[in-house]
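Student: I have not looked at this structure before. Could we go through it in questions and answers?

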Amino acid sequence: MRIVFMGTPDFAVPCLERLVKDFEVVAVVTQPDRPKGRKRELTPSPVKVTAIKHKIPVFQPEKLRDSTELEQVIQLNPDLIVTAAYGQILPKKLLDTPPYGCINVHASLLPKYRGGAPIHRAIINGEKETGVTIMYMAEKLDAGDMLSRVVVPIEETDTVGSLHNKLSEVGARLLMDTIPKLIKGEVIPVPQDHSLATFAPNIKREDEWIDWDVPVQAIFNQVRGLNPWPVAYTTLQGEIIKIWWGEAIQSSLRGEPGEIIMISEEGMDVATKDGQFRVLQLQPAGKRKMSIEEYVRGAGSAIVKGMKLGT
């Protein structure tokens, strides 16, 4: 079984590692190296790093369609192409190449949360469960027939980081369970009910801004749904403050949305539309992430009750 693997971020690495153990991975296709960090140094994707470790040839076309790399991949005559968070829709010419098709590992229970940020959006929307779906690739985004799927609960304490790690491991195991059945013809593809499809677009800067005039549960979901990347933020007297963690609390204190109604080393309680959100971990602009205890100790009397976040 000759397999071409296509993927880019950390999420895809467990899949590639499992494939290398049981199959012949003849090539890896991933996104080009991108500038990263303060020095903007060109950095390879996690999948490229893994491929190099296993001495697998790597292709990195900016756009796969009509590229020379596309022809090179086709000439490899793969039996199966596996994708996981690759970042591009595959052209029909490639979809038609492998005899066992092109299959994708997607981090949601399709047809819900098609698109590039299914893990973020599931938590932000307050879902109680998500999962992984293995499906045939199609010319439309995440719209192919489903081969297998597994449900994963979303815990109240889950962040994007923790759920990402769970789903990437679950996805790798599901992939390795599905491929042998696919080879034996034991998998019956199930068409998606497109009328039930929802979309999970990539996170934009405006998604990171905390609107305090919404229910406290929505703010809690937003904070954990953006942790550890890109992290929700607010402002205080014009300065950006990233909010890493907090909790919804019950209190008799009331205030205008965004108003600091209590501040101590236990937390910074902020009024919302229907309750209070206690900020427990934050990051002022230009500083490291810190606990509220460290923040209060450093800010001293500069932060007082009655100040308003989001200003």
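Predicted model: local features only at pLDDT ≥ 70, side-chain atom pairs only at ≥ 80, totals over all residues.

Tutor: Residues are numbered from 1 along each chain as its sequence is written, and side-chain values use heavy atoms, with hydrogens and water left out.

Student: How many helices and strands are in the protein chain?

Tutor: Helices (H or I, at least four residues) and strands (E, at least two) are DSSP runs, numbered from the N terminus. Counted in this way, the protein chain has nine helices and 15 strands.

Student: What share of the residues of the protein chain count as buried?

Tutor: Buried means under 20% relative accessible area, exposed over 50%, and partly exposed in between, with a 1.4 Å probe and protein chains only. The protein chain has 311 residues, and the buried share is 50%.

Student: How many disulfides does a search of the whole structure find?

Tutor: A disulfide is a covalent bond between the sulfur atoms of two cysteines. Here the term is applied to a pair of cysteine sulfur atoms within 2.5 Å. For cysteine 15, the closest cysteine sulfur is in cysteine 102, at 15 Å, too far for a bond. The search of the whole structure gives a count of zero.

Student: Is cysteine 102 buried or exposed?

Tutor: Cysteine 15 has 1% relative accessibility and so counts as buried. Cysteine 102 has a relative accessible area of 3%, so the word for cysteine 102 is also buried.

Student: Which strand holds serine 264?

Tutor: Serine 264 has 22% relative accessibility and therefore counts as partly exposed. The strand covers residues 260-264 and is β12.

Student: Leaving aside neighbours within four places in sequence, which residues is serine 264 in contact with?

Tutor: Contact means heavy atoms within 4.5 Å. Glutamate 293 is 29 residues from serine 264 in sequence, and their C-alpha atoms are 7.5 Å apart. With neighbours within four places left out, the contacts of serine 264 are Ile292 and Val296.

Student: How far is the backbone nitrogen of glutamate 266 from a polar atom of the side chain of serine 264?

Tutor: A polar contact is a pair of N or O atoms within 3.5 Å; within protein, one must be able to donate a hydrogen and the other to accept it, and residues adjacent in sequence count only if both atoms are side-chain atoms. For the backbone nitrogen of glutamate 266 and the side chain of serine 264, the distance is 3.1 Å.
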